[in-house]
Amino acid sequence: MTQTGAPGPRTAARAPVEIRLARVAIVAFALFLMSRTFAHYIEGGPARGIPAVVLATAVVVLYVLAGGAHPDRGRGKWVVVMALLVYLPLPFLGEWWAAAGIFLAAAALGLLPRPYSLPVFALVVLAEALKSIAFGDGPTEVMSWTLTVAVAAVLLAGLTHFAQTARVLYETRAELAVAEVAAQRARAMGELEGVLGSRLEAIAAQGRKVMTVADGEAGGLREELRHMLDLAREAQSRMREFAHREQRIPSGKTGYPK
């Protein structure tokens, strides 16, 4: 707010450091998980390389966007889309596309609500084990891949939960700041009401006194009028003080772009 009391220009708020770091960590870990997949398909020629790189990029971007989405915005739909991206291209892209299953397991564990997250996560891990068997892996390879999917998914989901928790804490702090501003303004209004009420009552009483001495001595009349003027000036001064204090109270708008 400006010194004249008019609203000043709004500046775009930035997400706090904790949330930005969590997002960077999610992107970095996701790229690390898919790095060998990217390298394999890039080296394998454009026939499968271009579609694979596009789809792998879509998987990473989809997970990052889903992890940053608000919990009330239907995250189950993101998991369904992720499942389609993970399993539909599998016959065409082959076993190197298996790494995308980690993101589906992490999405099930980190994005779905509590009653469904663990059962869906277990189902995805089982599907990854069956997928490994379908590709001809032996028991050792199947167990190794299943543990790899589970551990990597837990780590990725943990980073996602950290980002979500940081976001909730920040939004809660913003709501508390708004409530504190409202409480300050309510206290200031109550104080102003009390001051102005007492001064106006004093001015009214002084006016009645003036009326009683209006027919009397002129000097006494001037003195009473001067007293009324002093009271009016004091009330005006208190009003200006309140206006300046109101300008200094922060707006409490601490939101950031979603």
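Me: At roughly what angle do the axes of helix α5 and helix α6 cross?
Reply: In this predicted model, helix α5 spans residues 101–111 and helix α6 spans residues 114–134. Their axes come within 7 Å, and the crossing angle is roughly 165 degrees.

Me: How is α5 oriented relative to α6?
Reply: The axes of the two helices cross at roughly 165 degrees. Angles over 145 degrees count as roughly antiparallel, so α5 is, relative to α6, roughly antiparallel.

Me: What is the handedness of the crossing of α5 and α6, and how do the residues of the contact divide?
Reply: The crossing of α5 and α6 is left-handed. From α5, the residues G101, L104, A105, A108 and L109 meet residues of α6, including F121 and V124. The α6 side also holds E128 and K131. By class, the residues of this contact are two charged, two polar and eight nonpolar.

Me: Which element gives the largest share of the largest nonpolar core?
Reply: This core has 44 residues, and those touching the most other members include Y63, F103 and F121. Elements giving two or more residues to the core are α1, α2, α3, α4, α5, α6 and α7. The largest share is nine residues, and the element that gives it is α5.

Me: With which residues is Y63 in contact, leaving aside its neighbours within four places in sequence?
Reply: Y63 is among the core residues that touch the most other members. With those sequence neighbours left aside, the contacts of Y63 are I26, M82, F103, A106, A107, L156, A157 and T160.

Me: How many helices and strands has the chain?
Reply: From the N terminus on, the elements run α-α-α-α-α-α-α-α. The chain therefore has zero strands and, by DSSP runs, eight helices.

Methods: Residues are numbered from 1 along each chain as its sequence is written. This is a predicted model: local features need pLDDT of at least 70, side-chain atom pairs count only at pLDDT 80 or more; totals for chains, interfaces and linings use all residues. Side-chain values use heavy atoms; hydrogens and water are left out. Axes are lines fitted to C-alpha atoms, for helices over the stretch in contact, and angles run from 0 to 180 degrees between N-to-C directions. Helices (H or I, at least four residues) and strands (E, at least two) are DSSP runs, numbered from the N terminus. Angles under 35 degrees count as roughly parallel, over 145 as roughly antiparallel, 65 to 115 as roughly perpendicular and the rest as oblique. A crossing is left-handed if the near helix is turned anticlockwise from the far one by less than a right angle, and right-handed if clockwise. Contact means heavy atoms within 4.5 Å. Ala, Val, Leu, Ile, Met, Phe, Trp, Tyr, Cys and Pro count as nonpolar, Asp, Glu, Lys and Arg as charged, and the others, Gly among them, as polar. A nonpolar core is a set of buried Ala, Val, Leu, Ile, Met, Phe, Trp, Tyr and Cys residues joined through side-chain atoms within 4.5 Å. Buried means under 20% relative accessible area, exposed over 50%, partly exposed in between (1.4 Å probe, protein chains only).
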